[in-house]
Amino acid sequence: MELRRLRTAAGLSLATLAQQVHYSKGYLGKIETGIKQPGVDLARRCDAVLGAGGRLASLVDQPAPASPPAAVAADGDGEVWVMSMAPDGSSWMVPMPRREAIATGAASLLGLTLGAPRSASAAAAHDGTLMAFRSLFAQVRQLGQTTSPSVVLPMVTVHTHTLRGMANGAPSPVREQLLGLAARYSEYAGWMAQEAGDDRAAMWWTRNAVEMGAAAGDTELATYSLIRQALITLYRDDAVGTIDLAQQAQAAPGTSPRVQGLAALREAQGHALACDYDNCQRALDRAAALLDEADTSSGMVIGSASVSGADLNSLVAAWCLHDLGQSRQAADVLDRQLALVPETAHRTHARFGARRALAYAAAGDIDHASALTAKVLDAADLVDSATVRQDLKRLARLLGRERDHAAVRDVHPRLNAALRSPVL
């Protein structure tokens, strides 16, 4: 097999390779003789040790990635999403044909009946309203770092539709300002919907953001929507789709350095998923230069305003290193960067903390990986992230191979329970 050929060419014994990739010699022997089929995680580790540039990972049979949901039309006779609330206070979003929503009176929930006075004094009053909603937006994003999307989404939904309703009939330039702010709320609703595990709703809210942004003269949200779609394909393990969408975003005319930089980071993650080290590094270098050039002084930037003190480029680079099979290097970078993140930024700690635990487990430090897993679960319980859950599933599989470790026996039941929980 190809693994044996590459190992022999590198001058490594089976025992030495097994030690470096943290799998047993017997298991690797079965892979080489074809008795066992390797998983992509093992293939990536072997690629990294043998310098195979993704050759082994490309040979692993994997299910075809699921296609991301198409964006649903946000106007005309398409769907609207209506917030429903149960007597116990729980709430959820349900899709409904627009005409049915209007016929049943649900349109009032969407802010469609809100008017905007045309008088000069009323227009002046909108300045204070806009300032208040901008302040609320910053607070909502901060809340999104500390709690579940189920808490944040109802608030973002109401604010989005309220602003859009106020824009109806408002004079220029007030109308454009209201729509522009509503678009940012809608884009954030798309992110929270993805975190809640609803990719279809995520695309609907993103489509809404694109349309409102265009009406406000902000065309960059259309470009950013490609980056949002690329995040969905990334979590579906679709390297080709992720790279393609990210490259489309970078090629869009009139794109700011910030959005181009975010697209380059997404492209790097796609190349890492494909085990293409050289193109991954080139994309990371391009992203670093673009993000250094970007102006974020307005505070109303597209996408993540910050990662709470850490360097976004370094965090994504570490993410990529793990996917490229260089888990020890990834763990070192994540150690340094997460130390800069406040403890209150639970979503950041859950997301990149799960990656750090994965990196330590893949590097063979099972005791430390188990200790980190316990910390990650504390944060994950609070933020209820569907995307973080995917890394927790990978972590459960990795640690499940090491159940003889006392630390694993302590944390593995809690990890499995968290994955079975309808809350996480």
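**Helix 3 and its neighbours**

I began with what the buried residues of helix 3 pack against, and found helix 1 (2-9), helix 2 (14-21) and helix 4 (40-50). A reminder to myself: this is a predicted model. Helix 3 covers residues 25-32, and I listed L28, G29, I31 and E32 as its buried residues. Seen down the helix axis, these fall within an arc of 160°, so they line one face of helix 3. Just past the end of helix 3, I noted G34 with a positive phi of about 85°.

**Helix 9**

Next I went to helix 9, residues 174-195. I counted 22 residues and a reach of 32 Å from first C-alpha to last, close to the 32 Å expected at 1.5 Å a residue.

Just after helix 9, G197 takes a positive phi of about 90°.

**Helix 9 beside helix 11**

How do the axes of helix 9 and helix 11 cross? I read an angle of roughly 5°, with the axes of helix 9 and helix 11 (residues 220-235) coming within 12 Å. That makes the two helices roughly parallel, since angles under 35 degrees count as such. On the helix 9 side of the contact I wrote down A183, R184, E187, G190, W191 and Q194; they meet L221, Y224, R228, L231, I232 and Y235 of helix 11.

**The nonpolar cores**

I then looked up the largest nonpolar core, which has 84 residues. Those with the most contacts inside it are L178, Y188, L392, L395 and L399. Which helix gives the most to this core? Helix 9 does, with 12 residues. Apart from this core I found another one of 19 residues, including L6, L17, V21 and Y23.

Helix 19 (residues 386-400) has 15 residues, and I noted a span of 21 Å from its first C-alpha to its last, close to the 21 Å expected at 1.5 Å a residue. Its buried residues are A386, T387, V388, D391, L392, L395, A396, L398 and L399.

Why call D384 buried? Its relative accessible area is 17%, and the cut-off is under 20%.

**C275**

I found another positive phi at C275, near 60°, again in a residue other than glycine. C275 lies in the loop between helix 13 (257-273) and helix 14 (277-293), and at 5% relative accessibility it counts as buried. I flagged these spots because most residues other than glycine have a negative phi, and most peptide bonds are trans.

**F352**

My last stop was F352, in helix 17 (residues 346-362). At 8% relative accessibility, F352 counts as buried. What does F352 touch, leaving aside residues up to four places away in sequence? I found L315, W319, L334 and L338. For L334, which is 18 residues from F352 along the chain, I noted a C-alpha separation of 7.4 Å.

Key. Residues are numbered from 1 along each chain as its sequence is written. This is a predicted model: local features need pLDDT of at least 70, side-chain atom pairs count only at pLDDT 80 or more; totals for chains, interfaces and linings use all residues. Side-chain values use heavy atoms; hydrogens and water are left out. Helices (H or I, at least four residues) and strands (E, at least two) are DSSP runs, numbered from the N terminus. The expected span of a helix is 1.5 Å times one less than its number of residues. A nonpolar core is a set of buried Ala, Val, Leu, Ile, Met, Phe, Trp, Tyr and Cys residues joined through side-chain atoms within 4.5 Å. Buried means under 20% relative accessible area, exposed over 50%, partly exposed in between (1.4 Å probe, protein chains only). The arc is that of the directions from the helix axis to the C-beta atoms. Contact means heavy atoms within 4.5 Å. Axes are lines fitted to C-alpha atoms, for helices over the stretch in contact, and angles run from 0 to 180 degrees between N-to-C directions. Angles under 35 degrees count as roughly parallel, over 145 as roughly antiparallel, 65 to 115 as roughly perpendicular and the rest as oblique.
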